Amino acid sequence: MRLEKRAERSPTMALASPFIALGLTVITAAIIFALRGINPLNGLYVYFIEPLTALWSVEQLLVKASPLILIGAGLAVAYRANVWNIGAEGQLTAGAIMAGMIPVMLPNWQSPLTLLLMLLFGAIGGMAWGSISAFLKNRFNANEILTSLMLVYVVQLLLDWLVRGPWRDPKGFNFPKSITFTDWQLLPYITSGIHLGVVIALVMALVLGFVMTRTLKGFEITVSGLSPRAARFSGFSQQRTVMFCFLLSGGLAGLAGAIEISSVVGQLQPQISPGYGFAAIIVAFLGRLNPVGAILAGLLLALSYIGGEAVQTALQVPEKITRVIQGVLLFYVLACDTLINYRISGLSAATQVRV
Amino acid sequence: MKKFLMTAAATALMLGAVSASASAEALKACWVYVGPIGDFGWSYQHHNGLEAVKKEFGDKVETAYAESVAEADSEKTIERFAREGCKIIFTTSFGYMEPTLKVAAKFPDVKFEHATGYKTADNVTTYNAKFHEGRYVIGQIAAKMSKTGIAGYIVSFPIPEVVAGINAFMLGAQSVNPDFKVKIVWANTWFDPAKEADAAKVLLSQGADITVQHTDSAAPLQTAEAAGAFGFGQASDQIKFAPKAQLTAIVDNWAPYYIRRVGDVLNGTWKSQQSWDGMAEGTVSMAPYTNMPEDVAKMAMETAAAIKAGTLDPFKGPVTKQDGTVVDKVDAGMILGMNWYVKGVDDTLPQ
Amino acid sequence: MELLLTLLTIIMTAATPLLLAALGETITERAGVLNLGVEGMMVMGAVAGFGGAYLTGNPWAGIPFAILAGMAMALLFAFLTMTLLANQVATGLALTLLGLGLSALIGERLVGQPGIKLPLFLGIDPLIPFSFLLTGLVSWFLFRTKAGLVVRAVGNNHASAHALGYSVILVRYLCILFGGACAGLAGGYLSLVYTPQWVENMTAGRGWIALALVVFASWLPLRVLAGAYLFGTISILSFVLQAMGLGIPSQLLSSLPYLGTILALVVISGNKALTRRNTPASLGQAFVPDR
């Protein structure tokens, strides 16, 4: 088997590859279910189809996808410029802390401004935390993969200290949680299951998509990633790009954090995110580093989480299997994406191995 | 003819009645775990409770569970269970409190039981176990068995249950040796065997010769065994991991509670309440006493029996706090929200 | 003095899995491949090592199982990224997911089984001196052998290396497999020596720390050693400070290893020339031999 680069991207494959991947995953999942003694058809239905059949489930899907989309879109932009922000989870947490500060410090301030300020502070918190990595890279040449990752642990410990100490709910029987947010400290719901955060995420992703394709800044980012030298010759400052990317992706992650605590979580507690910041990295790549692609990728990843949960509760499939299926799904998607840019040639038996 | 019709009618009615009761659906009882059932600790023991319910009620009950459910993500899992027909849902971690209440408000016909929480509603009960009773017993054993008079306590996070455990341990130890000391290390994780082992090793190097833990793996015990020290198991009987080192373990046994509550739903007597079972109800029990001389085992058994019978209360006042003030009576509320140390503990709690 | 020796032993035990995994990843990244799946390979090594020891009753048997498990996962990664040209970052993350789930599945029946610790050799865990030896070997290999030079060339400029006639894909395959072997061994160390048992996710994020250490060390094996020990020392010290009851918040102490690593990185990275010299320029880029 040999891979030959296509003359140009194949648009048919670009559309077809996710479906081929899904198909392969379905077959593998069926085998896994069968080995486990579960009716494969039933398992597949519950995993992939059923979550899309009930309105409640679709709402859950959108709610689960929105932080993935929001953060993933930002990361897509950063990764395009080869700015490797791995610490989105930390920036999310920092945003949550900043946003949560308002209801904790001013518990009785209830006005639309409260919510607005919370979201704003969330973005600022994420930007501030992300800017640390950017600063260390620009000033000291410290690799951002390491700094952003290490800072995740640091800010999580900070949140832990805050909710166990100074920001603990005085009426909370000394449990590590802040007061529960109410009224204008919470995001309004559009339908019974979907809150405003979903809309924010989708809008942001589309805006970023626009910025990347139609503005000078987007061009700057793309060029910086493809050819740093060309970027330098054009007057695009590498340092400014790094800072911009961290502020953008960090800010969006922080916004996602603010959204989480003002909706699903409803307070500050030691764990406010089941790893969205890390999952969003996958979303960014699945979306081919395109903010609009991140929407679809986020939905797909969210489906894999929701479906995994459904088979756990309805069919008693252990959670470990759902993780395996998720990993397999990703593998297939990644493998099939290759077919967009490369063609399989020489599938005959007498193919030499070309290295 | 008339007689035939009557008999036929009677038979039909009877058959109808029989089939109606036979088609009465099994009660669905569901559990939400914060960790994997393979943790051999907290979630593992809750799952054992589930299995006991299955065994006890057979066909009358259908069970389901979800493991490793992140607290920030739990609302939709709980709601999913409610939508799938669960009639009683047990959420086994305090971080599930708000999500449980939110879902309970939407499903008034479903019963919810939240472990280690403190907010109830018409269809939400909280339940807890008096683990501190077991801590008192092991405190006494530790004081008897320790040659250095120092125990190393490996803990995860400062929540009231953990703090109450430390205090009960100290009170038990002080009842045997008033100068007993405890060194505390917060691992800041519920589950990382290697880190727990590190904490245990450090504590043993600092003069402790007994390990006590409130983290989930058997790593501290293994460390104790390797170092020739003694230790206590947590949540499950961990003697297999440390045959020479384990003195006893505090075993969480949720089966009696779960069987009772599911039974209550089955015969319609379920009520919202705040349950707090302990040794008396069998929820907290001690693993067999091993690796200790006869007289220590005897003392431990007597203490446990006294607690079980209600004649001995680990937190019987007056109790002197770390800051010197004296508390005359320690009531349930204080224990459930405990945020202070007794005198003799060298550690500071976040305020 | 005795206390110092005891603490040193504890530190060495803590640093060794990080060191082993990071050394493997150093070779992988030197060849230009960014494999973020270290955590997945490590946890598979842990379950395989424990399983092997459990089934045969001999802890030494666990070591080859652990290494092979890591290599198997690495092979999957290599196939996807080298042959199918999939994106390396995403594939590595998928590998981690798969590894965590698969290991939990395989280890289902091993939970609650006490393990047999690898016997001490002259009073210390044999893998500790081995890790030092490996550091030296990797360093010698990279900088004193022709094969090491090829690896570095491939990592720096795969097009030129290819033009010179070197088989880029083969070199990368081998380096990825070596990385997998080391990660698997590191995982085996956890379940055979550190805490002889198996529980899900027992690596608890150490694979990510190892990845960070490779970057911290500017891809230099001796610096990897320093980084692993720096991290291990600060982690253990934070426990010692807690045990001393000084009243410092435990969260602050727990964050010290991470802050310390960042600080050390800042100090080291000041020398831009060194960093530039050692950074594999082709890191993360797919190689396709054009006709």
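Predicted model: local features only at pLDDT ≥ 70, side-chain atom pairs only at ≥ 80, totals over all residues.
Helices here are DSSP runs of H or I with at least four residues, numbered from the N terminus. Is Leu226(A) buried or exposed? A residue counts as exposed when its relative accessible area is over 50%, and Leu226(A), at 73% relative accessibility, is therefore exposed. Follow the chain back and you will meet Ala81(A), which is 145 residues from Leu226(A) in sequence, yet the C-alpha atoms of the two are 7.4 Å apart in space.

Two other helices of chain A are worth a visit. Helix α4 of chain A runs over residues 88–105, which makes 18 residues. From its first C-alpha to its last, α4(A) reaches 26 Å, close to the 26 Å expected at 1.5 Å a residue. Most of α4(A) is covered, with 15 of its 18 residues buried. Further along is helix α13 of chain A, residues 319–341. Its 23 residues should span 33 Å at 1.5 Å a residue, and the end C-alpha atoms are 35 Å apart, so the two values agree. This helix is mostly covered too: 21 of the 23 residues of α13(A) are buried.

Now let us look at how chain A meets its partner, chain B. Here 38 residues of chain A are in contact with 37 residues of chain B. Between them the two chains bury about 3,300 Å², and 52% of that is on carbon and sulfur atoms. On the chain A side, the residues that lose the most area to chain B are Trp56(A), Phe175(A) and Thr313(A), together 21% of what that side buries.

Let us end in chain C, whose helix α1 contains Thr26(C). A residue is buried when its relative accessible area is under 20%, so Thr26(C), at 0% relative accessibility, counts as buried. Which residues does Thr26(C) touch, leaving aside its neighbours within four places in sequence? Its contacts are Val214(C), Trp219(C) and Val224(C).

Terms used: Residues numbered from 1 in each chain as written. Chains lettered and ligands numbered in written order. Heavy atoms only, no water. Expected span 1.5 Å × (residues − 1). Buried < 20%, exposed > 50% of the residue type's maximum accessible area, 1.4 Å probe, protein only. Contact = heavy atoms within 4.5 Å. Buried area = accessible area lost by both parts, 1.4 Å probe.
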